[in-house]
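Biologist: Before the discussion begins, please show the model so that each term can be set against its definition.

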Amino acid sequence: MLGATTNKITALYCRLSQEDERAGESLSIENQKAMLLQYARDHRFPNPTFFVDDGYSGTTYDRPGFQAMLNEIESGNVAVALTKDLSRLGRNSAMTGLYTTFTFPENGVRFIAINDDFDTADPNNINYDIAGMKNWVNEFYARDTSRKIRAVQKAKGERGVPLTTNVPYGYVKDPENPKHWIFDPEAAAVVKRIFEMCMNGRGPSQIANQLREDGILTPTAYKDSQGINSPNTASEDPCHWNPNSVVHILERREYTGCTVNFKTYTNSIWDKKQRENPVEKQSIFYGTHEALVSVDVFDKVQQIRQNRLRKTRTGYTSTFSGLVFCADCGEKLYYGATNNGKREGAFFDCSKHLKNREKCTGHFIRESVLERLVLKHVQLVTDYILRHKQHFVSVMQRQLQLESEENLKASRKQLERNERRIAELKRLFIKIYEDNAKGKLSDERFDMMSQSYEAEQKQLEAEVITLRQEIEVQERQIENIEKFIPKAEKYVGIEEIDPYMLRELIKAIYVEAPDKSSGKRRQNIHIKYDGIGFIPLEELMKHE
């Protein structure tokens, strides 16, 4: 029993997790408080002070109440620490043992777990000896509970039930079915506008600035205004859009009308850090709710995000940036302006040629000329589809069939080679692991070889994903033609280049080197249309 005149406190620590709450009233915070306070009074422990963590798992020790108590202990302000039982302190046997065996005694703290009859002041008590076993049982309970919860979540996720508790901005829960999402008209209009601005060539910062200028509430501020819970805290300026918020919206696949489960994972019940799951390990269910944007627009936006627009020194960006390539070396064409900084003099030229003139020739073309050539080509294509749709379909089907047969053969061979090598790397890794365990391979050599194998395997697995996607695209070429036609028909009679049109119809523009052999400067371009490739206009025109 401690002297009543001490200035130190008696720390009464209470913890309740969601899993513990299901056990009933006996583990409630109120019940724990009453028990601890009565015990402190009965034993005349001085200055009882509560530290509470309500809704925190025992698998983590980064709890506000526990950390506050630990700070007091390490500051020398605690004489006694009380808990209802050892599991209230935590459910990691190693960590709980560390605190009870080292941290508390080093700071002169007597620790008592009442129901477990554990008291660090009585090391001869048999319950002191079996505390390690009790801590292990507590940890096993946490592991078992975690396994059951994960199994339930996995089953739900594989059935297509949305696992996220926070509905994406632009949707709200259906009052008749909380697992189903419906449009929130005001927020949905903002989401559509963000995708449209991106398709028009505007970057996340430009989009964020525009939304702020227009007085649009941020997603967090908007949810707060509607009385909807949000995991984030709104900033002082409710219209201060962060470019990262725009990026998050642009990259969220749920806006295409699908449910995406298992986007993140944790390594264990001890490590709560959320890590991103690769796409192939996610579960995607299409058509679970109404789409805000089409799959085509979403995929195109992802391409735009990969080829982010770069400004020239004059601060200009081109409508064509990220779309123009050298017809000879395949490198991107650099966008620049004349020395006087006037937009009329803006041009494109081969980036490889500009770095090393011996590796590629100049492909200089004025932006205004490129715009004129592209506009003319799109006009001819859309006009032809309007007048000769069936012939266009038949010609493109023949062309794509020939192209896809060759491409599919090459892609499948490469995929087979990659998969064989991945299997071989796995066998090699097992072998060097066994050699290292037997002492045949030094730790240094093992580390070097394993890192090399892992890096190669990672690269090959990324290539496999790309190859499978390419094969899938090649196998659906006819479907791509059917998708392309309605998009092209929207731009019949177009009179000027529209940024949205460019990114909806065109995948790449290849610029040839200028031909001056006739005494006049002539330059051709080749347009690769999205989903269907190059359109043989000359062959099509023969039909007329």
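**Terms and their grounds**

Modeller: His289 is placed in the loop between strand 11 (283-285) and helix 12; helices (H or I, at least four residues) and strands (E, at least two) are DSSP runs, numbered from the N terminus. This is a predicted model, in which local features need pLDDT of at least 70, side-chain atom pairs count only at pLDDT 80 or more, and totals for chains, interfaces and linings use all residues. Residues are numbered from 1 along each chain as its sequence is written, and side-chain values use heavy atoms, with hydrogens and water left out.

Biologist: Why does His289 count as buried?

Modeller: Buried means under 20% relative accessible area, exposed over 50%, and partly exposed in between (1.4 Å probe, protein chains only). His289 has 9% relative accessibility and therefore counts as buried.

Biologist: Which residues does His289 touch, not counting residues up to four places away in sequence?

Modeller: Contact means heavy atoms within 4.5 Å. The residues touched by His289 include Tyr171, His180, Trp181 and Glu254.

Biologist: Why does Met133 count as exposed?

Modeller: Met133, which lies in helix 7, has 59% relative accessibility and so counts as exposed.

Biologist: How do you know that the span of helix 8 (residues 185-199) agrees with what it should be?

Modeller: The expected span of a helix is 1.5 Å times one less than its number of residues. For the 15 residues of helix 8 this gives 21 Å, and the end C-alpha atoms are 21 Å apart, so the two agree.

Biologist: What follows helix 8?

Modeller: Gly201 follows helix 8, and its phi is positive, near 90°.
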